[in-house]
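Open the model in your viewer and follow the stops below. Each one says what to select and what is there.

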Amino acid sequence: IGSDILDIGTSKFDRRNDSRAVGSGAMIPQLALGEPGQFDVPNVADPAHFCRNNFASACGNSDQGQEVKFAKGTTTLAFKFNGGIIVSVDSRSTMGAYIASGTVKKVIEINPFLLGTMAGGAADCSFWERNLGIQCRMYELRNKKRISVAAASKLLANTMRSYRGYGLSMGTMITGWDETGPQLYYVDDDGTRLHGRYFSV
């Protein structure tokens with residue numbers, strides 16, 4: 001993709017397309033926006049300028065003139081594939097427009113076979129995922145076998161359900177490898193627990 005992608009929808013793009021069709025003698029299909037396999041760009045004279053002014057992520061009140069205001073916060077992503085699970089997180093810790101740190105570790109090791117992600121209140125996530133690590137170790141000692149990802153996520157969901165309404169802020173993914181292969185669960189502060197192939201929190 002060249003830099004001329006930003007010219008789509010402008011008269012410059014139309015002139016170039018027309019000259020290509022006439023000069024080569026070949027019929028070049030016209031761009032049809034909104035069709036599968038394509039993406040729409042703003043139908044304005046300068047799409048790049050329009051996007052910078054209307055869709056830029058900004059701090060504080062500097063986005064008050066924008067058409068679209070993005071919600072800011074943690075983004076965590078995890079998905080299953082044939083060989084396992086990939087987990088991706090950002091590393092910024094914020095409170096409104098204030099950036100507390102740019103190097104936060106948002107993937108928490110529960111045990112050598114389980115990981116949790118952190119989205120929401122940092123204290124809530126880290127405390128309850130450490131607590132889950134203790135519960136998983138207790139399970140191991142009692143049953144003389146490793147806990148499954150499903151059982152670990154159920155323990156966390158049960159704990160969250162018992163504290164529902166106390167103002168906790170947590171959206172986490174519990175992921176890992178057990179006898180059934182790679183597993184991925186979403187658990188949040190109201191006790192919701194979902195099993196899936198991919199989640200973004």
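Rings of Phe, Tyr and Trp (its six-membered ring) pair if their centres lie within 6.5 Å; planes under 30 degrees apart count as stacked, over 60 as edge-to-face and the rest as tilted. By this rule there are four aromatic pairs. The model is predicted: local features need pLDDT of at least 70, side-chain atom pairs count only at pLDDT 80 or more, and totals for chains, interfaces and linings use all residues. Residues are numbered from 1 along each chain as its sequence is written, and side-chain values use heavy atoms, leaving out hydrogens and water.

Select Phe127 and Trp128. Their ring centres are 4.8 Å apart with planes at 85°, so the pair is edge-to-face. Trp128 is buried at 10% relative accessibility, while Phe127 is partly exposed at 42% (buried is under 20% relative accessible area, exposed over 50%, partly exposed in between; 1.4 Å probe, protein chains only).

Next, Tyr186 and Phe199. Their centres lie 6.0 Å apart and their planes at 35°, so this pair is tilted. Tyr186 is in strand 8 and Phe199 in strand 10 (198-200), so the pair ties together parts 13 residues apart in sequence (strands are DSSP runs of E, at least two residues; helices are H or I, at least four; both numbered from the N terminus).

Of its 19 residues, Leu114, Cys136, Leu156, Met160 and Ile174 touch the most other members. Helix 4 gives the most, five residues.

Note on methods:
A nonpolar core is a set of buried Ala, Val, Leu, Ile, Met, Phe, Trp, Tyr and Cys residues joined through side-chain atoms within 4.5 Å.
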